[in-house]
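Please look over the sequence and the structure shown below. The report that follows covers a pair of helices and then a single helix.

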Amino acid sequence: MKIKRRFSVLVTLVLLFFLAGCKNNTPVYKPKKQTVILSMDDGSNSDYTILFDYLKKKDIRATSFLIGSKVNSKGFLNEKEIREMKDYGWDFQSHTYSHGKMNKLNRQELIKEVEMNNKVFEDLGLEAPIATAMPFGLRSNLSTSIFMKQTPLIRLTRHFKDRQVIYDQLTKSDLTRIHSINIDLQEGSQEKLQDIIEDINLAKEEKALIVLYFHRTFKDKTHVKYYAEFKYIRQVIQHLEKNDFDFITFKDLYNEIYHTGPQDQV
Ligand SMILES: [Zn+2]
């Protein structure tokens with residue numbers, strides 16, 4: 001009798017575990033057609049001086065991931081620019097307050113990162129962020145669990161070439177690890193550009209979502225570490241347009257996932 005009961009407890013536990021797994025694997029977003037999110041890390045002033053004008057002419061909105069401690073400092077977006085972009089429908093999300101290595105911080109430090117960045121957003125008149133781009137793509141289980149309470153979407157980078165980067169659907173468990181492709185293209189990045197074009201073409205074929213990110217952009221060559229030459233960014237964007245991609249922001253993605261009717265909510 002005892003053994004039987006133990007057995008049924010075990011069966012129930014296995015079943016619950018299985019169901020919990022299923023829930024995390026339930027698709028919460030399926031793109032209707034090929035879709036792209038353009039995102040920029042750090043909130044550099046070139047998001048305004050170069051990209052904003054260019055994308056506005058095309059009626060495209062993108063997502064800037066702001067480092068709270070850098071807003072209003074030299075080389076980064078200032079309040080006036082942010083407000084103008086926000087009025088147009090530009091999306092601003094969190095790239096943490098300090099831009100440190102989040103996998104090295106303790107609980108208290110991580111909570112501080114969230115609170116301080118939220119305060120910056122509030123002072124700028126922006127909605128509280130719903131997405132975090134982890135600096136350097138680094139994270140720990142602790143940082144993921146703390147950030148996801150505040151920002152249900154977490155964007156990572158792709159460290160391995162073979163990792164999945166196009167999504168014909170997103171499951172609940174994908175939301176805290178949305179991989180994105182780096183498009184910091186510079187003179188001599190011809191091979192990298194070719195790889196990116198192939199990923200974009202695949203996303204078109206599969207009617208999938210693809211997330212791209214880059215850093216500061218320049219119209220001429222420069223010596224900073226992370227940047228993209230604008231002529232290549234333009235090339236990528238033109239290729240996306242030619243292939244009839246829908247351009248959405250992280251906020252659009254969030255709205256699709258969380259505001260689809262009461263029974264579909266996750
Ligand atoms: Zn960064």
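Is the crossing of α4 and α5 right-handed or left-handed? The crossing of these helices is right-handed, a crossing being right-handed if the near helix is turned clockwise from the far one by less than a right angle, and left-handed if anticlockwise.

## Basis of the report

This is a predicted model, in which local features need pLDDT of at least 70, side-chain atom pairs count only at pLDDT 80 or more, and totals for chains, interfaces and linings use all residues. Residues are numbered from 1 along each chain as its sequence is written.

## Helices α4 and α5

Helix α4 spans residues 107-123 and helix α5 residues 141-150; their axes come within 10 Å and cross at roughly 30 degrees. The two helices are therefore roughly parallel (angles under 35 degrees). Helices here are DSSP runs of H or I with at least four residues, and axes are lines fitted to C-alpha atoms over the stretch in contact, with angles from 0 to 180 degrees between N-to-C directions.

## Helix α8 and Phe250

In helix α8 (residues 250-258), the buried residues are Phe250, Lys251, Leu253 and Tyr254. They lie on the same side of α8, because their arc around the axis is only 155 degrees (taken from the directions from the axis to the C-beta atoms).

Phe250 counts as buried because it has 25 C-beta neighbours inside 10 Å; the cut-off is 20 or more other C-beta atoms within 10 Å. Leu38 is 212 residues from Phe250 in sequence, yet their C-alpha atoms are 9.0 Å apart.

Key:
Angles under 35 degrees count as roughly parallel, over 145 as roughly antiparallel, 65 to 115 as roughly perpendicular and the rest as oblique. A residue is buried if 20 or more other C-beta atoms lie within 10 Å of its own, exposed if 12 or fewer, and partly exposed in between; C-beta atoms are placed from the backbone.
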